Amino acid sequence: METSEIIKEILTVNNFSQEKLATILSVSQKAVSNWLNGYDTPKASSMLMIYKNFGITPNELLGLEEPENFKLITK
């Protein structure tokens with residue numbers, strides 16, 4: 001699974017807008033848009049936030065392993 005697909009799944013499963021995900025991850029909406037369109041991948045700090053909030057590891061996010069969870073696990 002590609003990084004952009006994982007980001008799309010996070011949005012879909014949690015019923016989030018790009019803006020909502022950006023707020024949770026402390027990034028701009030443009031950064032989320034770039035990830036979705038495959039123009040960029042999350043930086044290490046964003047990967048850490050994805051792991052903390054969704055339990056998706058960097059290896060899963062980079063497509064090296066299949067992710068099992070897309071649901072927000074923190075509030």
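Reply: Axes are lines fitted to C-alpha atoms, for helices over the stretch in contact, and angles run from 0 to 180 degrees between N-to-C directions. Helices (H or I, at least four residues) and strands (E, at least two) are DSSP runs, numbered from the N terminus. This is a predicted model, in which local features need pLDDT of at least 70 and side-chain atom pairs count only at pLDDT 80 or more, while totals for chains, interfaces and linings use all residues. Residues are numbered from 1 along each chain as its sequence is written, and side-chain values use heavy atoms, with hydrogens and water left out.

Me: How many helices and strands does the protein chain have?

Reply: From the N terminus on, the elements run α-α-α-α-α. The count for the protein chain is therefore five helices and zero strands.

Me: What radius of gyration does the protein chain have, and what would a compact globule have?

Reply: The C-alpha atoms fill a box of roughly 30 × 25 × 20 Å along the principal axes. The radius of gyration is taken over C-alpha atoms, and the globule rule is 2.2 Å times the number of residues to the power 0.38. For 75 residues, a compact globule would come near 11 Å, and the protein chain agrees with this, having 11 Å.

Me: At what angle do α2 and α3 pack?

Reply: Helix α2 covers residues 18-25 and helix α3 residues 29-36, and their axes are 8 Å apart. Angles under 35 degrees count as roughly parallel, over 145 as roughly antiparallel, 65 to 115 as roughly perpendicular and the rest as oblique. The two helices are therefore roughly perpendicular to each other, at an angle of about 110 degrees.

Me: Which residues of α3 meet α2, and how does the contact divide by class?

Reply: Contact means heavy atoms within 4.5 Å. From α2 come Gln 18, Glu 19, Leu 21, Ala 22 and Leu 25, and they meet Gln 29, Val 32, Ser 33, Trp 35 and Leu 36 in α3. For the classes, Ala, Val, Leu, Ile, Met, Phe, Trp, Tyr, Cys and Pro count as nonpolar, Asp, Glu, Lys and Arg as charged, and the others, Gly among them, as polar. By this division the contact of α2 with α3 has six nonpolar, three polar and one charged residues.

Me: How are α1 and α3 placed, roughly perpendicular or oblique to each other?

Reply: Helix α1 is made of residues 3-14, and its axis comes within 7 Å of that of α3. The two axes cross at roughly 125 degrees. The pair α1 and α3 is therefore oblique.

Me: Which residues of α3 make the contact with α1?

Reply: The contact of α1 with α3 holds five nonpolar, one polar and one charged residues. On the side of α1 they are Ser 4, Ile 7, Lys 8 and Leu 11; on the side of α3 they are Val 32, Trp 35 and Leu 36.

Me: Is Trp 35 buried or exposed, and what is its relative accessible area?

Reply: Trp 35 lies in helix α3. Leaving aside neighbours within four places in sequence, Trp 35 is in contact with Ser 4, Ile 7, Leu 25, Val 27, Asp 40, Thr 41, Pro 42 and Ser 46. Buried means under 20% relative accessible area, exposed over 50%, and partly exposed in between (1.4 Å probe, protein chains only). Trp 35 is therefore buried, at 4%.

Me: Which residues of α3 are buried?

Reply: α3 is mostly covered, with six of its eight residues buried. The cover includes α1, α2 and α4 (44-54). The buried residues are Ala 31, Val 32, Ser 33, Asn 34, Trp 35 and Leu 36.

Me: Is Ser 4 buried or exposed?

Reply: Ser 4 lies in helix α1 and touches Trp 35, Leu 36 and Gly 38, not counting residues up to four places away in sequence. Its relative accessibility is 17%, so Ser 4 counts as buried.

Me: Where is Asn 15 found, and is it buried or exposed?

Reply: Asn 15 is found in the loop between α1 and α2. Although not a glycine, Asn 15 has a positive phi of about 55 degrees. Its relative accessibility is 71%, so Asn 15 counts as exposed.
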